[in-house]
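Visitor: Could you walk me through this entry?

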Amino acid sequence: MGQMIPDLAATSRASTTKIKPNGIPNGINTAGKKCQHDPTFTQKVIAATGPNANPRLAQIFPSLVRHLHDFAREVNLTVGEWSAAVDFLNDCGKMSSDRRNETQLLCDILGLESLVDEITSKQLATSTTQTPSAILGPFYRSDAPFLPNGTSIVQGLSPSVSWYEKALEDSAFLSGKVLSTDGKPIENAVVDVWHTAPNGLYEQQDSDQPEMNFRGRFRTDQQGRYALYALRPVPYPIPDDGPAGRLLGLLDRHPNRPGHIHFIVSAEGHRTLTTQLYDSRDRWVDDDAVFAVKDELVVRFEPREGDPGARWELGYDFILGRC
Ligand code: BEZ
Ligand code: FE
């Protein structure tokens, strides 16, 4: 792995002077000469799929092989570079556990999780008015406590905590409704919410935080309303101490995500919505390391008057499509 990226970087720099990046037909090399590669090779690999192959794989594998082979030919990929890429993927696997998914993180910095989320949500959408989805990210915990409406997901706040002052400054009241696409309020919908502490860490990344800190599930009332106290979210770097972080460094990219709050909103008879809301005043809102921000999900926190529990407030209605 150590040698892979410098080697790759050198090759791509050298090749950009010779290679026309787009529109090079198969079998023609960058100098416009007939290619030395066997023009039937890719088709042979595709044709090796048997008649009893898994149907979805049989449908998508030819395209995967074509794109992979075209990529290798386009950049004149060497054995050394391919082998280093294999090591890199293996490193991602070795770093992954039930607490950390480095391969998913790699997909995130490639924009792949966001792209797949967009493709899936467009396919499943039953209405154009439903709230857009956003990626789940690796820090979701499915068993957050159910809390009464109007209570807080902030735990363990005391002057001894290093982020105490920041938590007071950023205290926020979140409220709104969960609606169906026809505008009807949904009773008993579940709003599952989570965000980081002001130090930019989710509770499972930070042994100083109480279990399930900044997480909670709220049920909507008869008018479809939810309400809770939380914090205005802070930006944070995605974990960059592993292979994905090394790749970011070699690409001269930053690891930062704009401040955001995660939500999963679910209700009977409706499609579950996984999404995030982004603070419009965040420094990284137009430059997310994992390309997940959508305009409709960028929100403005307003100052809150007369509430000792919150300096900011945000009203947001979630609109769920029907199943
Ligand atoms: C997150 O929003 O929690 C997240 C998303 C992608 C990569 C890392 C973190
Ligand atoms: Fe997050």
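**Sheet and metal site**

Visitor: How many bridges join E7 to strand E8, and how do the two run?

Guide: Strand E8 (residues 273-279) is joined to E7 by six bridges, and the two run antiparallel; strands here are DSSP runs of at least two residues, numbered from the N terminus. This is a predicted model, where local features need pLDDT of at least 70 and side-chain atom pairs pLDDT 80 or more, while totals for chains, interfaces and linings use all residues. Residues count from 1 along each chain as written, chains are lettered from A and ligands numbered from 1 in written order, and side-chain values use heavy atoms, without hydrogens and water.

Visitor: Which residue in E8 is the bridge partner of valine 265?

Guide: Leucine 273 is the E8 partner of valine 265.

Visitor: And what order do the strands take in the sheet?

Guide: Five strands make up an open sheet ordered E3-E2-E7-E8-E9, with mixed pairing, where two strands pair if DSSP finds at least two bridges between them. At the edges lie E3 and strand E9 (298-299), each pairing on one side only.

Visitor: Switching to the metal, which protein donors does the iron ion (ligand 2) have?

Guide: Tyr202 (OH), Tyr236 (OH), His260 (NE2) and His262 (NE2) lie 1.9 to 2.2 Å from the iron ion (ligand 2); donors are N, O and S atoms within 2.8 Å of the metal (3.2 Å for Na, K and Ca), and sites may look incomplete because water is not among the atoms. Tyrosine 202, in the loop between strand E2 (190-194) and strand E3 (215-219), is 58 residues from histidine 260 in strand E7 (residues 260-266), so the pair links distant parts of the chain.

Visitor: Are tyrosine 202 and histidine 260 buried or exposed?

Guide: Tyrosine 202 is buried at 0% relative accessibility, and histidine 260 is buried too, at 1%; buried means under 20% relative accessible area, exposed over 50%, and partly exposed in between (1.4 Å probe, protein chains only).

Conventions:
Helices (H or I, at least four residues) and strands (E, at least two) are DSSP runs, numbered from the N terminus.
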